[in-house]
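Welcome! Please open the model in your viewer, keep the selection tool handy, and follow the stops below.

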Amino acid sequence: MIDLADALAFVEATAQPLPPRRQRLLDACGRTLATGVVADCDSPPWDRAMMDGFAVRNADVAAAGAAAVELDVVVDLAAGDVTKLVIRDGTCARIMTGAPIPPGAEAVVPIECALDGTAGGHAGSRVKLADPRFRAGQHLARQGAAFRRGQEVLAAGTVLRAAEIGLAAEAGATHVVAAPRVRVAMLSTGSELVECDREPAFGQTRNSNGPMLAAAVSLLGGEPIPLGLAADRPEAIRAAVAQGLAADILLLSGGVSAGDLDLVPEIFRQCGVEKVFHKVRLKPGKPVWFGRLVRGDGEPDTLVFGLPGNPASSLVCFELFVRPAFQILAGRPRSDWHLPHVRARLLAPCKAAPDRPVYLPCRLARDGQTLVATPLPWTGSSDLLGMAGAEGLIALPAGGGRFEAGAEIDVVRRW
Ligand code: AMP
Ligand code: MG
């Protein structure tokens with residue numbers, strides 16, 4: 001049995017980033033860039049109209065001041081249209097947002113500034129413009145104003161969210177070099193278990209950990225690989241473990257405590273998985289097991305977790321131990337490894353344990369500047385109802401005694 005801080009340090013020291021891989025941009029959402037993205041073009045790629053209106057010479061409109069100016073419309077330019085025609089003094093182009101500014105034009109006068117029914121004026125007609133707020137060069141985006149060809153627009157280490165994917169697309173990156181999607185296999189052990197689409201007979205329990213752990217992996221952006229159920233028989237568990245060891249992370253739930261049928265640690269040993277730790281001073285989650293299968297030859301290890309069978313314990317262990325391992329494999333920066341800790345004021349008393357830290361589901365709210373935590377009704381490690389509504393986990397340090405309402409405590413913010 002080890003302390004929580006030591007267990008977390010072991011996880012952090014054991015997990016290593018997976019080797020980055022070249023992948024399609026469209027498949028890379030949520031991944032961490034290993035190589036920066038360099039733009040193959042300027043943005044905007046040319047001077048671009050930013051309003052629907054008329055592309056004009058500065059002097060023509062400026063000279064008119066508050067009065068109107070009449071100009072000949074010489075060309076119509078919708079987005080996508082280009083022209084070699086030069087806009088000279090006394091003329092203008094009808095132009096729509098997104099079209100390149102034609103040669104000679106220097107600003108755009110919005111269509112709303114056209115007077116006397118000339119707003120609809122196309123090539124060959126005259127338009128009458130009055131723009132009292134006119135500024136030279138207005139309503140166009142200059143070539144390269146946002147970024148330049150050859151500029152690194154996304155640095156290594158950036159997590160690709162929607163804006164970053166869009167930017168990479170604009171910069172011409174059809175592929176990126178990024179951390180691969182972390183594959184996480186999950187196996188639920190226990191002869192009492194039935195899949196959740198079945199009606200459990202007396203003595204049977206629905207497999208809630210399988211769907212729950214798959215969801216937790218999906219929420220992190222990983223690929224869940226559900227291995228289903230294995231009864232408490234060594235051959236059944238061994239066969240599924242052998243299959244699951246092909247993943248980057250293997251999660252087992254159940255069978256790691258000290259009961260007669262807690263076969264998992266011995267099976268891990270037989271499968272060549274090296275133990276890093278077993279049992280952590282923690283409530284809930286004490287029986288948790290962690291190890292790795294070393295493959296050598298530059299191949300990444302498979303990290304293996306034996307999570308407690310009780311669903312709430314399993315979830316707490318996922319959030320405390322599996323999450324940082326996953327984030328490290330995914331190449332995430334250290335600031336993303338763990339759920340954030342915040343300080344909050346307790347609204348109702350809670351009981352600490354003498355020998356280990358305690359985690360309790362709570363709701364979080366603001367009271368002026370302070371966060372306040374309300375413990376949720378919760379019957380313990382098999383109770384998912386309290387966990388389901390939780391916005392955080394109150395983390396009480398070991399030492400026993402009661403924390404009274406009003407006490408300042410640590411809360412792990414919602415996953
Ligand atoms: P174990 O860790 O195998 O001793 O299991 C502890 C408790 O968790 C027992 O009541 C099990 O029936 C229950 N349990 C184990 N695995 C699951 C699971 N996948 N889904 C729901 N409950 C489970
Ligand atoms: Mg069991």
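Before the first stop, a definition: axes are lines fitted to C-alpha atoms, for helices over the stretch in contact, and angles run from 0 to 180 degrees between N-to-C directions. Helices (H or I, at least four residues) and strands (E, at least two) are DSSP runs, numbered from the N terminus.

This is a predicted model, where local features need pLDDT of at least 70, side-chain atom pairs count only at pLDDT 80 or more, and totals for chains, interfaces and linings use all residues. Residues are numbered from 1 along each chain as its sequence is written, chains are lettered from A and ligands numbered from 1 in the order in which they are written, and side-chain values use heavy atoms, leaving out hydrogens and water.

**Stop 1: two helices**

Select helix 4 (residues 209-219) and helix 7 (residues 311-329): their axes come within 10 Å and cross at roughly 20 degrees. Helix 4 is therefore roughly parallel to helix 7 (angles under 35 degrees count as such). Now show the side chains where they meet (contact means heavy atoms within 4.5 Å). From helix 4 come Asn209, Met212, Leu213, Ala216 and Val217, and from helix 7 Pro311, Ser314, Leu315 and Phe318.

Which residues of helix 4 are buried? They are Asn209, Gly210, Met212, Leu213, Ala214, Ala216 and Val217 (buried means under 20% relative accessible area, with a 1.4 Å probe and protein chains only). Among the elements they pack against are strand 13 (183-189), helix 7 and helix 8 (384-388). Just after helix 4, find Gly221, with its positive phi of about 90 degrees.

**Stop 2**

Next, colour the open sheet of 6 strands, ordered 16-13-17-21-20-18 with mixed pairing. Strand 16 (223-230) and strand 18 (274-278) are its edges, each pairing on one side only (two strands pair if DSSP finds at least two bridges between them). From one strand to the next, the twist averages 15 degrees.

Zoom in on strand 17 (residues 249-253) and strand 21 (residues 302-307), which run parallel and are joined by 5 bridges. Here Leu251 stands opposite Phe305 in strand 21.

**Stop 3: an antiparallel pair**

Finally, select strand 5 (residues 53-56) and strand 8, an antiparallel pair with 4 bridges. Gly53 stands opposite Pro110 in strand 8. Which way do the residues of strand 8 (residues 107-110) point? Ala107 and Val109 point one way, Val108 and Pro110 the other, and all are buried. In a regular strand, side chains alternate between the two faces of the sheet.

How values were computed. Buried < 20%, exposed > 50% of the residue type's maximum accessible area, 1.4 Å probe, protein only. Parallel < 35°, antiparallel > 145°, perpendicular 65-115°, else oblique.
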